[in-house]
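Subject: Structure handover

Hi,

Here is the structure we talked about. My notes follow below it.

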Amino acid sequence: MELGRFEKDKIYNVDCLVGMKELPDNVIDLVVTSPPYDDLRSYNGYQFDFENIALELFRILKKQGVVVWVVGDKVKKGNKSLTSFRQALFFQEVGFNVHDVMIYKKKNTPFMRSNAYTNCFEFMFVFTKGKPKTFNPLKTPTVRHGMEKLVTNKKADGVNKKVLAELKKEKTRTNIWEYAVGLGGSTNDKFAFEHTAIFPEKLAYEHILSWSNKGDLVFDPMCGSGTTCKMAAMTKRHFLGMEISEKYTKIAKKRVQLVKSLLF
Ligand SMILES: C[S@@+](CC[C@H](N)C(=O)[O-])C[C@H]1O[C@@H](n2cnc3c(N)ncnc32)[C@H](O)[C@@H]1O
């Protein structure tokens, strides 16, 4: 009964608050999720009880586990909601470390405002329960690499000294990640767009690689069209998905089933 009534590698049509209450303490290695944005009290007719969801996430996450919380702010009557900040502060209050505040930059974005710059990003908060157990840094190629004469610090004689040293071929990426969105960007699964707010597969994939290892359990409590679960399967992690809407649950199950049949 490792996960109560739930089984690994499955997606359930359930309110995550109800579902999480049935999970034991300290069982999840990584959460990659995105909550309903800003229609705070009701979304698609469903309740979204953010505070209790955050508390439950803290309880079910393993020590040194990681939660990636992807969220953007809406503008109402010219006023940015800053829900993202409020949520981040609440996560901190309940005991999470705010390990990083990362940016998910969208290459193509349709949203325009006549009196402000076009918004092209959302936050990816990285919350941890203690120090993260896993960090597999993703790398990017450096512009200059190979052997080069590099200036060392000036010595007491005030003269710059040059020494031959090797410049590395790659370096750890920055915390701004950029993705194309929409069909062909977020995913090639056309049917997934029946869900209106999916995040890019590559975003989930890159967080899963960064903060977990093969065989770990990745959880998405509001899994929507199943992006996180699909990417967990493709990277040989176990997954657990919960989604309150029956319609979206069906889409998520179909997406995961397609890759599972290809992989195993
Ligand atoms: C922003 S979407 C997630 C999209 C997902 N990351 C994807 O790529 O498809 C948020 C999802 O949370 C679901 N949701 C809202 N409240 C929920 C709850 N209490 N329990 C489970 N799911 C919930 C919504 O139905 C919606 O599908």
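On H3, the face turned away from the buried side carries the exposed residues Leu89 and Glu93. This is a predicted model, so please read everything here as computed from it. The buried residues of H3 are Ser84, Gln87 and Phe91. They cover an arc of only 70° around the axis, which puts them on the same side of H3. Their cover includes H2, E5 and E9. Just after H3 comes glycine 95, with a positive phi of about 120°.

As a whole, H2 (residues 50-60) lies across strand E2 (28-33) and strand E5 (61-71). Its direction is at about 145° to E5.

Helix H5 (residues 227-234) also packs on the sheet. H5 touches E1, E2, strand E15 (217-220) and strand E16 (238-243). The directions of H5 and E16 make about 170°.

Now the sheet itself. It is open, with eight strands and mixed pairing. The order is E1-E16-E15-E2-E5-E9-E8-E14. Which strands stand at the edges? They are E1 (10-13) and E14 (176-179). Each has a single partner strand, so one side of each is left without a neighbour in the sheet. From one strand to the next, the twist averages 20°.

Some pairings in detail:

- E8 (residues 97-106) and E14 run parallel, joined by four bridges. Isoleucine 103 has isoleucine 176 in E14 as its bridge partner.
- E1 and E16 pair in the parallel sense, over four bridges. Here lysine 10 stands opposite leucine 240 in E16.
- E15 and E16 are also parallel, again over four bridges. Leucine 217 has histidine 238 in E16 as its bridge partner.

E16 deserves a look of its own. Six of its six residues are buried. Both faces are covered. His238, Leu240 and Met242 are on one side. Phe239, Gly241 and Glu243 are on the other.

Next, the core. In soluble globular proteins, nonpolar side chains tend to be buried together. Here, the largest nonpolar core has 49 residues. Those with the most contacts inside it are Leu30, Val31, Val67, Val68, Val218 and Cys229. E5 supplies the largest share of this core, seven residues. What does valine 67 contact, leaving aside its neighbours within four places in sequence? The answer is Val31, Leu57, Leu61, Phe96 and Phe127.

Glutamine 64 has a positive phi of about 70°, although it is not a glycine. Glutamine 64 is in strand E5. It counts as partly exposed, with 14 C-beta neighbours inside 10 Å. Lysine 236 also has a positive phi, near 65°, and is a residue other than glycine. This lysine 236 lies in the loop between H5 and E16. With 13 C-beta neighbours inside 10 Å, lysine 236 counts as partly exposed.

Then a loop. Proline 110 lies between E8 and strand E9 (121-128). Is proline 110 buried or exposed? It has 8 C-beta neighbours inside 10 Å, so it counts as exposed. Proline 110 and cysteine 120 are 10 residues apart in sequence. In space, their C-alpha atoms are 8.9 Å apart.

Last, the domains. The domain assignment gives domain 1 as 10-137 + 173-263. It gives domain 2 as 139-171. The C-alpha centres of domain 1 and domain 2 lie 40 Å apart.

Best wishes

Definitions and conventions: Residues are numbered from 1 along each chain as its sequence is written. This is a predicted model: local features need pLDDT of at least 70, side-chain atom pairs count only at pLDDT 80 or more; totals for chains, interfaces and linings use all residues. Two strands pair if DSSP finds at least two bridges between them. Helices (H or I, at least four residues) and strands (E, at least two) are DSSP runs, numbered from the N terminus. Axes are lines fitted to C-alpha atoms, for helices over the stretch in contact, and angles run from 0 to 180 degrees between N-to-C directions. Two residues are in contact if their C-beta atoms, placed from the backbone, lie within 7 Å. A nonpolar core is a set of buried Ala, Val, Leu, Ile, Met, Phe, Trp, Tyr and Cys residues joined through C-beta atoms within 7 Å. A residue is buried if 20 or more other C-beta atoms lie within 10 Å of its own, exposed if 12 or fewer, and partly exposed in between; C-beta atoms are placed from the backbone. Domain bounds come from an automatic or database domain assignment. The arc is that of the directions from the helix axis to the C-beta atoms.
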